[in-house]
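Hello,

Here is the structure I promised to pass on to you. My notes on it follow just below.

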Amino acid sequence: MNAVVSRKISTLLQWKSVVEGRLNLKFAFFILISFVVVVFLLGICNGAYPLSVEQVIVGCLRIINIRIASDLLSEGQYAVLSSIRVPRVLLGFVIGAALAVAGTALQSLFRNPLADPGLIGVSAGAAVAVAAVIVLGATTLKGLTTLLGVMTLPVAGFAGGLITTTIIYLLAQNQARTSMMTMLLAGIAVNALAGASIGLFTLIANDEQLRNITFWTFGSLGNATWLMLAVIVLPMAISVAMLYRASMGLNALMFGEAEAAHLGFAVQRLKLTVIVNAALLAGFAVSVSGMIGFVALVAPHIARLLIGPDVRFLIPASALLGGGLLVMADIIARTLLAPAEVPIGVITAFIGAPFFLALLYTQRRSVMGL
Amino acid sequence: MGLVLNNIVLTRAQRHLVDRVSLSFAPGLLTVVMGENGAGKSSLLKVAAGELVPTHGEVMLCEKLLHTWPSMARAKRLAVLPQESTISFMFSAFEVVLMGRSMHCQGYPDALDRDIAQAALVRMDVAHLANRLYPTLSGGERARVSLARVLAQLWRTSEQTPRVLLLDEPVAALDIAHQHLALQVARQFAHEEGAAVVAVLHDLNLAAQYADNVVLMKAGRLEASGSVAETLTESILSRCFSTAIRRIAHPDDGRPLLFAT
C-alpha cells in the first residue's frame, strides 16, 4: 500500500519528460486545463459590472438549469452573466482554439513554425470576402445573403480563406520543399491587396457598414451572442476533428512531402484536408470576430516548447493554450482603458509581434538559409 | 520479385537525366550504384522510389507497377532514405524512428512498434541518443537515426513480404567506423532478411568490400553493371569516372583495392 502511494506521488512529481527540455504530457495538460479554468473565471468575473467567483459558479450552473443559492445573484447580474460574459468568454475560447489549431496544421503543411493564417494572408483573404458581403450583401449579393442566412458571413470568410490558402500554397511550393521566403512575401502581397480592397469597400460603405468593417479589421469579441456560437461551433469542431484524425500524416508532412509519401501517407489528400480545414477555421473565426493576429503563431509555438511537435498532442494542447490566451487578451482589451474597449487584435498584435520578432531572431540563420 | 526498372528515361528541361536504363534489384542482394556527380544516380533512385515519374519506361515492385500500389501497402515493402533529411521541428530521435512504423500501427504505436524502434536505434549505434532532439544532433548522428528509421519501416514481422530498401548516399556524413557499420547492416539486411538493398556510394573500396552487384552510371546511361569482379576493373572505372584508377590486390586477403592515381 505504501509503495503504491509513494509511486503515485513520485509520478506526480515527475513533471519532466524523458525527452530533453519537455514536460511530461500529463503534467502539461494539467497545467493547460488549470490555465483555461482560471482565465474563464477571470473573464466572467471581470468587467464594468464585477461579479464574484461564487456568483459566477451559481450563474453558470443556472445556465445549464441547475438552480442553487439563487439569492446570491440578482436577475440583472444573471442577465449580464448569461447573455454577455459567458458567450463572450466562450467565443473567445472557441476563436482562439480554432486559430491555434489552424496555425498548427498550416505549420505542418508549410514545414515551418512561422506559418500563421494572419501573416500569410489567409485571414486577410477571409476579411476581404466578409467585407464584400457586408457592403454588397444588401444589394449585389442579395440572393446569396437570403440563401445562406446567418451562415453568410462565415461561409464568405471560409471561401476567402480557402482561395488565399490555395494561392499561397501553390506559390510557396517548389518540388521538394516549401520556401519560407516565398510564403512570407506572398503573405505581404496578399495582405496589401486585401488592405486595398477593404479600403475600396470602406469608400462605398454607408456609416453602419463602415463601423462594421472597422470592427472587423481590428478584431473584437464584443458582439458575442449565443447564436453566433451556435453557428460556428459545429463546423469548427468537425474541422478540428478532421485535422486531429490526420495528425500522424501532419507529423510525417513535417519531414517533407516525398518522405511522407515514402512512409505511406496519401499526401495529396492530406494537403487538401489541411488547406480546407485550416481555411474553414480561420475563415469562420474572421467572420465572427475579425482579424485577430498572432494567436495561431504564439499558441502552437509555446505548446511545442512544452510538449514537443507531435501533432496528436499538439492539437489539443495548442487549442487549450490558444483559447486561454485569447480569453486573457480579451480581459486585457476590456479592462485596460475601461470603460472604453481596446480592439482585441491590437492587444494580440502588441503581445504577438514582439514574440514573432524574437522568434525570427532565434531562427535568423535558417530564415536566411531558405 | 524485388524492384525492376524497365527502359527508364527521365527528361527534365530537354536534358536526359536518366537515359534508357533497365535494371533489376533482386531480393537478397546489396546493389551499389556509383558514378560521377550529375551522372543521374539520385534521379534514378527517385524514379525507383516513385518520387519522380519517368518520361518513358516503367517501374515494377514485386511484379506490379509501382504507382498502382496502394500507398500503405507500398510503404511496408519499399523504404527510402533520402540524401538528407532537413526538419526544423524538435522531434526526438526515438520519435523520428517511430515515424517509420506509421503504416504498421495506424497512428498508435504499440509495444511491438516501440521495441522495433528501439532495436533499430541499437542496430545503428544511436540508442544513447533516443531522447535527444533530432535537429540538435550532428550530421552523422542524424544520418544514423534516419537509417534506423528506414530499417524500422521494413523491420521483419511475421509475414514474409518482399522488401526493397533504397539508400541515397547513406554513408556521406558518417565517420569511417560507422560507414562500415551502415554497410554491414545494409548487407545483412539483404543477405539474412532477403531484402533487395540499393545504395548510392562514392567510395570505390566500400563498394568493392560490400557490394554483391555494382551499377556504374555516366551521363544518365548505364556504363556497366554486374558483380564486383566484372565491373570494378581499371578500364571501366577509369572511363566511368574520367580519371585514371588503379586496382591492386589487398596484401592480406587479395580483395581489390582501388585508388585514383
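Just after α9 of chain A, G219(A) adopts a positive phi of about 85°. The helix itself, α9(A), covers residues 207-218. With twelve residues, α9(A) reaches 17 Å from its first C-alpha to its last, close to the 16 Å expected at 1.5 Å a residue (the expected span is 1.5 Å times one less than the number of residues). Helices here are DSSP runs of H or I with at least four residues, strands are runs of E with at least two, and both are numbered from the N terminus.

Please bear in mind that this is a predicted model, in which local features need pLDDT of at least 70 and side-chain atom pairs count only at pLDDT 80 or more, while totals for chains, interfaces and linings use all residues. Residues are numbered from 1 along each chain as its sequence is written, and chains are lettered from A and ligands numbered from 1 in the order in which they are written.

Chain B holds an open sheet of four strands, ordered β2-β1-β4-β5 with antiparallel pairing (strands pair if DSSP finds at least two bridges between them). Both β2(B) (15-25) and β5(B) (64-65) stand at the edges with a single partner strand each, so one side of each has no neighbour in the sheet. Seven bridges join β1(B) (residues 3-12) to β2(B), where L23(B) is the bridge partner of L5(B).

As for the two chains, 22 residues of chain A are in contact with 25 residues of chain B (contact puts C-beta atoms, placed from the backbone, within 7 Å). On the chain A side, α12(A) gives the largest share, four residues.

Best wishes
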